[in-house]
There are 2 protein chains.
Amino acid sequence: MTEPTRDRTGDEPIPEATVARLPVYLRGLLELADAGVETVSSVGLAELAGVNAANVRKDLSYLHAHGTRGVGYEVGHLVSEISLVLGGGRPSPVVIVGVGNLGRALSRYDGFVAGGFPIAGLVDADPAVVGRKVAGTVVRPVDELASLVAETGATVGIVATPAAAAQEAVGHLVAAGIRSILNFAPSVVAVPAHVDVRQVDLATELQILGYHQHRRTTGDTSRAAG
Amino acid sequence: MTEPTRDRTGDEPIPEATVARLPVYLRGLLELADAGVETVSSVGLAELAGVNAANVRKDLSYLHAHGTRGVGYEVGHLVSEISLVLGGGRPSPVVIVGVGNLGRALSRYDGFVAGGFPIAGLVDADPAVVGRKVAGTVVRPVDELASLVAETGATVGIVATPAAAAQEAVGHLVAAGIRSILNFAPSVVAVPAHVDVRQVDLATELQILGYHQHRRTTGDTSRAAG
DNA sequence: GGTGTCATGTGAACGCGCGCACAAGCGCGT
DNA sequence: ACGCGCTTGTGCGCGCGTTCACATGACACC
Ligand SMILES: NC(=O)c1ccc[n+]([C@@H]2O[C@H](COP(=O)([O-])OP(=O)(O)OC[C@H]3O[C@@H](n4cnc5c(N)ncnc54)[C@H](O)[C@@H]3O)[C@@H](O)[C@H]2O)c1
Ligand SMILES: NC(=O)c1ccc[n+]([C@@H]2O[C@H](COP(=O)([O-])OP(=O)(O)OC[C@H]3O[C@@H](n4cnc5c(N)ncnc54)[C@H](O)[C@@H]3O)[C@@H](O)[C@H]2O)c1
């Protein structure tokens, strides 16, 4: 408020819908870079991302990644620009709370480190799980969460506990200084205003699919054969 | 149908944003029902779901679940009404393609059957995986997918293969008659118009979190303690 | 050096979704 | 029986997001 707006490195607000598409663009761009492609048009990138071309152009206009008229966008430039906006250029270590079925699968997910999200540590409340080695990392008790975050500089917390323990797990993460949380438990959690929570809810996704399927099979009588 | 009959069983289109919230309402309502609560107001349900109360009322108005003015909504009625809209009242068996780290975790997820999505079968392309028993189910080869779907009446497919194989896996599912697909692979897949695909992308979620975190740490210099 | 062709960048319109605010209606207490 | 308080149901305005359509501008070829 006291100082004017600086429009250098990602100071202006990017629309949320655009932010959600940037990772998809980034994936496509990395594929292109691997294939040796150096420039890409908004139409080409739109096809890779499955969105409208005008949407791509408007999205990229929010970044400081201007393209060349008549040619397109420089792939390498876009990659670095989007990476900078999304991750700040630095990796974000991740702490996983709850090392059950899902937590173990996540621990072994190689896409984490590839995407700039290395596993900083695993914690669990079950003494039978604590001390065991999962994916090369020893599971630590929940009361060591704060020190674990402090040691590793973890900035992201993943909640993979049962729903009943999700709010408690989130509380521990917030108390440890984590401000970005990804919650896999099917539970609405409350957090302070400065903490960002994103929900990944498998059951919800399936039920949304179920709605559309149900609607097609009951509302559409013109389709009989399969 | 010679006349345009307005059926009462979910014929009018429900807004997509509302559909996405219905599962959250349902979870809260089931908790209330477990606690013996029989009626709930829009304010109470809004708190449970973490949304605005007027939004709840408008959402429920799309269903045929009218409440009683001055009292609220009947919990049991809402549960059955939302369940009917979302799942058609019948369970939707699920086929999982790709039984790796994630596929195994999903197979053991008890929330599936609890939510009306029992595991109908598991398939994988790796001969080393085929034949092994995971969570009480034997993994079958991909070329048995069509017969598996036919036998079990599976209506939902989950893709848990590497990204490079996602499009192929989706193709198999579509060929087998599946019209609802949940894709965990970080890959944009193409499907016919009558097939519904929902993407669950972990890396995307983390990168969105990363954007907000990066924005806070660089743009926001004033932080309120508390 | 001129011109044609191509792709970017953006103005404007449309639709959707959200939330406020208020009227309508139901039940309970007196 | 009657009024009061509580809650539903919704009309309306606002903002966001998406898309079309077009003007602007760069590059390549002749
Ligand atoms: N495939 C899946 O398993 C899957 C898929 C989608 C969502 N989910 C959700 O993810 C969550 C975990 O699922 P899961 O199958 O791994 O369950 P799980 O029971 O296998 O694992 C839960 C783990 O959390 C630990 N835990 C419990 N309370 C804790 C606490 N207060 N603090 C720290 N750790 C605690 C437990 O000791 C256990 O190790 C659940 O909420 C589930 O609904 C799971
Ligand atoms: N925690 C996680 O592991 C995690 C989290 C989020 C997303 N994902 C995504 O989920 C997918 C699977 O991850 P994963 O860790 O389980 O990988 P994985 O390598 O452990 O498992 C992949 C499985 O798919 C099978 N497969 C390969 N090609 C196939 C094909 N054409 N048809 C059928 N099956 C095939 C393989 O044999 C293997 O069993 C990946 O796309 C990954 O990016 C994983």
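Two strands pair if DSSP finds at least two bridges between them. Helices (H or I, at least four residues) and strands (E, at least two) are DSSP runs, numbered from the N terminus. The model is predicted: local features need pLDDT of at least 70, side-chain atom pairs count only at pLDDT 80 or more, and totals for chains, interfaces and linings use all residues. Residues are numbered from 1 along each chain as its sequence is written, chains are lettered from A and ligands numbered from 1 in the order in which they are written, and side-chain values use heavy atoms, with hydrogens and water left out.

**View 1. Strands 4, 5 and 6 of chain A.**
Strand 4 (residues 119–124) and strand 6 (137–141) of chain A run parallel. They are joined by 3 bridges. A:Asp124 has A:Pro141 in strand 6 as its bridge partner. Strand 5 of chain A runs antiparallel to strand 6, with 2 bridges between them. Here the bridge partner of A:Lys133 is A:Val138. In general, strands of a sheet pair through backbone hydrogen bonds, either parallel or antiparallel.

**View 2**
Where does A:Ala135 sit? It lies in the loop between strand 5 and strand 6 of chain A. This hairpin has 2 residues between the strands. A:Ala135 is not a glycine, yet it has a positive phi of about 55°. Its relative accessibility is 45%, so A:Ala135 counts as partly exposed. (Buried means under 20% relative accessible area, exposed over 50%, and partly exposed in between, with a 1.4 Å probe and protein chains only.) In chain B, B:Ala135 also has a positive phi of about 55° and is not a glycine. B:Ala135 is in the loop between strand 5 (133–134) and strand 6 (137–141) of chain B. With a relative accessible area of 44%, B:Ala135 is partly exposed.

**View 2. The open sheet of chain A.**
What is the strand order of this sheet? The 7 strands follow the order 5-6-4-3-7-8-9, with mixed pairing. Strand 5 (133–134) and strand 9 (196–199) are the edge strands, and each pairs on one side only. Strand 9 pairs with strand 8 (residues 180–183) in the parallel sense, over 4 bridges. A:Leu182 stands opposite A:Arg198 in strand 9.

**View 3. Strand 7 of chain A and its neighbours.**
Strand 3 and strand 7 of chain A run parallel and are joined by 4 bridges. A:Val97 stands opposite A:Val159 in strand 7. Strand 7 also pairs with strand 8 of chain A, in the parallel sense, over 4 bridges. There, A:Asn183 is the bridge partner of A:Val159. Are the faces of strand 7 covered or open? Both faces are covered. A:Val156 and A:Ile158 are buried on one side, and A:Gly157 and A:Val159 are buried on the other.

**View 4. Helix 8 of chain A on the sheet.**
Strand 8 and strand 9 of chain A pair in the parallel sense. Helix 8 (residues 163–175) packs on the sheet, touching strand 3 (94–97), strand 7 (156–159) and strand 8 of chain A. Contact means heavy atoms within 4.5 Å. The direction of helix 8 makes about 165° with that of strand 7. (Axes are lines fitted to C-alpha atoms, for helices over the stretch in contact, and angles run from 0 to 180 degrees between N-to-C directions.) Strand 7, helix 8 and strand 8 of chain A make a right-handed β-α-β unit. Right-handed means that, with the strands pointing away from the viewer, the path from the first strand over the helix to the second runs clockwise.

**View 5. A:Lys58 in helix 3.**
A:Lys58 is placed in helix 3 (residues 53–62) of chain A. Is A:Lys58 buried or exposed? A:Lys58 counts as exposed because its relative accessibility is 54%. A:Lys58 and A:Ala33 are 25 residues apart along the chain, and their C-alpha atoms are separated by 22 Å.

A rotation of 180°, with 0.0 Å of shift along its axis, superposes chain A on chain B (RMSD 0.0 Å). That is the relation of a two-fold axis. In chain A, A:Ala105 has the C-alpha nearest the axis, 3.2 Å from it. Both copies use the same surface: 100% of the contact residues of chain A recur in chain B. The copies are superposed by least squares on the C-alpha atoms of residues with pLDDT of at least 70 in both.
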